[in-house]
Amino acid sequence: MLDDLRELYQEVILDHGKNPRNYGKPDEVSHRAGGHNPLCGDRIFVYLHVDAEGVVRNAAFDGRGCAISQASASLMTEIVSGKTLGQVDTLFRNFHEMCTSDGDVETDGSLADEMDRLQVLSGVRQYPIRVKCATLAWHTMNAALQGEAEATTE
Amino acid sequence: MSQAVAETTLDGANRSNLPAYDVDKVRADFPILSREVYGKPLVFLDSGASAKKPRAVIDAVSAVYEGEYANIHRGVHYLSVRATQLYDEAREKVRAYLNAAKIGEIVFTRNTTEAINLVASSFTGQRLREGDEILLTELEHHANIVPWQLAAGRAGAVVRASPVDDDGLVDLEKFEAMLTSRTKMVAFTHTSNVLGVVTPAKEMTRLAHEKGIPVLIDGAQSAVHLSVDVQDLDCDFFTFTGHKLYGPSGIGVLYGKSNHLEAMPPYQGGGDMIEYVTFEKTTFAKPPERFEAGTPHISGAIGLGAAIDYVNALGRDAVAAHEHGLLQYATARLSDMPGVRLFGAKGEKASIVSFLQDDVHPHDVGTILDQAGVAVRVGHHCAQPLMDRFGISGTVRASIGLYNTREEIDKLADSLHHVKEIFG
Ligand SMILES: Cc1ncc(COP(=O)(O)O)c(C=O)c1O
């Protein structure tokens, strides 16, 4: 049983959960949105700075949540920094698929390293009720990029 | 919030004070309790959300469909008369369970939520004017907040909440001070679904009545664990839900004093709630039928009657004593564990312990306990204002039913060690 749980709560997740990177609202923000998980009542906010060329210069978040959602948000902000909006969209879709489907996710070769890093979150597949915890930050970022103020996992 | 002080020691002494209560025999009445989850025995500590059903309830519901089912109040034929009789008997069982004065004071609803909405709309909503107030407490379940907000919103009235202290206890002085000439309704829970604290409902009702303000008591939790006497409480309305009382889901109860119910307009219109209908004018049936439009949950009401019979046969005092022993044991075991912080562990309590472990999020604790076969509820428990009051996002809640055991409390406490093993 502990082995199964360690699959879910891998070291990387515990580390990002405890010491989230890019936490706090930065000065320069071009896109932002709030995300809400009605099941637990947790809220997070995602802040992006996208430049004129459509490249994410900086990504950050704040708010509270479980270890999974905090770690996922933290990893996401690291991974999307420096990516084009097209790449961010591909990562979002691939990540979503990784969390919800069983098979391997086909990915654009140039993003293979990023998907490898995100693999630590794939354990949520075994815990359907926790998938939303892992995807909340990504939905929120997506909402911010679509110009919506609010994302929920419902 | 302060660390709870254990009320009892862990030795077996208090066990012998309990009246004879054969919990193994009780467990054998609940088929679902013998199932496993993830290959482990189920340790079910979430009866506060919805309780498991004894064989007696399952059988009563099947027996209706197998042998006695028909629509009620509508037929001259044998089975319709028989189903109507069973439905009315169930209502009488509820009346006796609450010690209501009259059977007509018992209205069947879908659940507590619908019962509160009915009162908010057909009673309070009729009397609210702009600037009026509805007084609740900070303990309330969303079901006892949102219906009042809707009613208040339509009238330009406001909803206020009387504060609780750091242990979740209602401050009676502050409560009394908030009862003003603007207060048109008071509604509060009899037992907090988050903390298990029992409110001084009789005293609160008396204080409200001194100022002529009607009172609704949300008994969703208390009707399961306390012996409720609505005449002694003297409340105007009392609500509870069948599914937490070992009965079927989809059936709930509104008790209302007959003078109120008789003066109230219907909540919904339709069949079964009328006396006479023309396109020009309809006259309404008397309570309780006036508030039961359409075909009701016939088998649900009968199943609830069977659940009440079941609890009465075990003995409500014996059940309460068993649950109380477990609650004290759970409180003592958890407060002995390093890093565990209990919420609302003081004062009169019923069947619920709420806690956090270190700074681990309740959802993470819930997932880890679940893998050990231990079912608890985690999160805000539909009481977000109370979570805000304590400055937390949620808790882990273990709620105890009449079939739980000491071994299960031990399993809960022991499984919390896994949280430490993983989160360090
Ligand atoms: C105190 C309290 N009030 C109201 C409710 C709502 O009950 P129901 O969902 O059956 O309407 C609950 C249960 O969830 C509760 O615990």
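This briefing covers the fold of chain B, one of its strands and the ligand site. The model is predicted: local features need pLDDT of at least 70, side-chain atom pairs count only at pLDDT 80 or more, and totals for chains, interfaces and linings use all residues. Residues are numbered from 1 along each chain as its sequence is written, chains are lettered from A and ligands numbered from 1 in written order, and side-chain values use heavy atoms, without hydrogens and water.

**Chain B overall**

- Chain B holds 16 helices and 17 strands. These are DSSP runs numbered from the N terminus: helices are H or I with at least four residues, strands E with at least two.
- The radius of gyration of chain B is 22 Å, which agrees with the value near 22 Å for a compact globule of 424 residues. That radius is taken over C-alpha atoms, and the globule rule is 2.2 Å times the number of residues to the power 0.38.
- Along the principal axes, the C-alpha atoms of chain B fill a box of roughly 75 × 55 × 35 Å.
- Of the 424 residues in chain B, 58% count as buried. Buried means under 20% relative accessible area, with a 1.4 Å probe and protein chains only.

**Strand β14(B)**

- Strand β14 of chain B spans residues 352-357; six of its six residues are buried, so the strand is largely enclosed by the rest of the structure.
- In a regular strand, side chains alternate between the two faces of the sheet.
- One side of β14(B) carries I352(B), S354(B) and L356(B), the other V353(B), F355(B) and Q357(B), and all are buried.
- β14(B) pairs antiparallel with strand β13 (residues 340-343) of chain B over four bridges. Pairing requires at least two DSSP bridges between two strands. L342(B) stands opposite F355(B).
- β14(B) also pairs antiparallel with strand β17 (residues 395-399) of chain B, over four bridges. Here S354(B) stands opposite R397(B).

**Ligand site**

- The ligand has 13 residues around it; T113(B), D218(B), Q221(B), T241(B) and K244(B) come nearest. A residue counts as near if one of its heavy atoms lies within 4 Å.
- The shell divides into two nonpolar, nine polar and two charged residues. Ala, Val, Leu, Ile, Met, Phe, Trp, Tyr, Cys and Pro count as nonpolar, Asp, Glu, Lys and Arg as charged, and the others, Gly among them, as polar.
- An N or O side-chain atom lies 2.7 Å from a ligand oxygen in K244(B), 2.8 Å in Q221(B) and 3.1 Å in H141(B).
- The protein covers 88% of the 390 Å² of accessible area that the ligand has on its own. Areas come from the Shrake-Rupley method with a 1.4 Å probe.

Key
A polar contact is a pair of N or O atoms within 3.5 Å; within protein, one must be able to donate a hydrogen and the other to accept it, and residues adjacent in sequence count only if both atoms are side-chain atoms. Buried means under 20% relative accessible area, exposed over 50%, partly exposed in between (1.4 Å probe, protein chains only).
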